[in-house]
Amino acid sequence: MSGQAVPRSPSAVPVRHVEHCMGTVFSFDVRSPGVDRTGLTRAVAWLHEVDATYSPFRADSTVGRVRAGTLPVRHVPDAVARVLERGAELNALTDGYFSAYFDGELDPSGYVKGWAIEVASDILAAAGSLNHCVNGGGDVQCVGEAAPGRPWRVGISDPFDASRLIDTIEGSGRLAVATSGVAERGSHIADPHTRQAPVGLSSVTVAGSDLALVDAVATAAFAMGSAGPQWLARHASMTSVVTQTDGHIVRAGSARGHAPGRAAVTRA
Amino acid sequence: MKRILLTLTATVAGLISLLSFKTSQPQTTAGPLPSAGLPAGATGSATSSATSPATGSPNQHATSYLGSAVTTTYGVVRVKITVSGKRITNVAFATLTAFDPHSQQINSAAAPRLLSETLAAQSAHIDTVSGASYTSAGYVKTLQSALDAAGI
């Protein structure tokens, strides 16, 4: 999206917006020069469209119909087929730990939310926004910078006390930060090889440039349990912060510095 | 403890509704919105165009804003915040009508915690928070919700 000359609407303004969708909350933070209302409306409508298509909890969604057996998976619309192909690629990339199936049933939720946030951010960019941050239930895609000369600062929530932070990740240009952990609604991540809930980790945060990817990587590393930090360390291009169940914090791939598009981890 | 969190939930929701500049409708915490788009006045969906008064002198006038009244299980709550520049400098309850003495006690305990969490989120100088996913109802207990509320 960057590099395109987007005519900026004269009605563009910085805006904050909170949208309830997919059972969680999406926070839009569009900084100067802002975006016009149509751009924000399109990004929000996109989230609801994704929910209507991919929700495993809706009987009338495409995914819901595949799960119910009323729609053969080979007959899904092309856009859905591409998402499922990407899920298969991520499955291979993560040694099988990331999966678009849960308990044998189609459930691409683990990929869809991060991807939806990333695309919502692209929609804002296409509408002329140069600096914004979209946070969907704790997974974040930032573009540009928070203020002239100041990178975005993403706090990482302490898995043992949500009112505290364990770290801060900074980045400008294009920064994505995803965290997987024992969610409020209970454990929803299982090791696909053993079908057991992973042990050893309380949360895994991964930073990079594109949320769909770092979200899948964070989910996979969490599913690996105690083996997660070693696996993350092999992916040196990604910054990660892992909290073990004993409270110990393991960091990897930290690129300290403020180069555009790179993430830097600082102690909170 | 659970009751305190529930009360806190309602008060933070009041703070959010306050900052969305909607003052007519009492709001409660909401489930997912069924429809797409930006329905004006929809419960649980708050939009505020950023006013930008902070580009002037460093000595900002402190301005107080009154939130919507929120009816909770334990009473009616209305939050008042004081804003200086773009920072919240104080959070207080303008209305705190408890249904019984026990609720009064809970509400009183929630007030300082709401204040400290809101101010802590601001003083960390962070723009957003990454963490394990939260539900639509649990959002109001997160630091992110305080940041969204403070981001005016």
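Trainee: In what sense do strands β11 and β12 of chain A pair, and over how many bridges?

Mentor: This is a predicted model. In it, β11 (residues 239–244) and β12 (residues 249–252) of chain A run antiparallel and share 4 bridges.

Trainee: Which residue in β12(A) is the bridge partner of Thr243(A)?

Mentor: Ile249(A) is that partner.

Trainee: How many aromatic pairs does a search of the whole structure find?

Mentor: The search gives 4 aromatic pairs over all chains. One of them joins Tyr54(A) and Trp115(A).

Trainee: What describes a pair of aromatic rings?

Mentor: The distance of the centres and the angle of the planes describe such a pair. For Tyr54(A) and Trp115(A), the values are 5.7 Å centre to centre and 80° between the planes, an edge-to-face arrangement. Tyr54(A) belongs to helix α1 (residues 37–54) and Trp115(A) to helix α4 (residues 109–126), both of chain A, so this pair ties together parts 61 residues apart in sequence.

Trainee: Are Tyr54(A) and Trp115(A) buried or exposed?

Mentor: Both are buried.

Trainee: Why is the pair of Tyr111(A) and Trp115(A) stacked?

Mentor: Their ring centres are 6.1 Å apart and their planes meet at 15°, so the pair counts as stacked; the cut-off for that class is under 30 degrees. Tyr111(A) and Trp115(A) sit 4 residues apart in helix α4 of chain A, about one turn of the helix. Tyr111(A), like Trp115(A), is buried.

Trainee: Which residues form one aromatic cluster?

Mentor: Trp46(A), Tyr54(A), Tyr111(A) and Trp115(A) do.

Technical notes:
Residues numbered from 1 in each chain as written. Chains lettered and ligands numbered in written order. Predicted model: local features only at pLDDT ≥ 70, side-chain atom pairs only at ≥ 80, totals over all residues. Heavy atoms only, no water. Pairing = 2+ DSSP bridges. Helix = DSSP H or I, 4+ residues; strand = E, 2+ residues; numbered from the N terminus. Phe/Tyr/Trp six-rings, centres within 6.5 Å; stacked < 30°, edge-to-face > 60°. Buried < 20%, exposed > 50% of the residue type's maximum accessible area, 1.4 Å probe, protein only.
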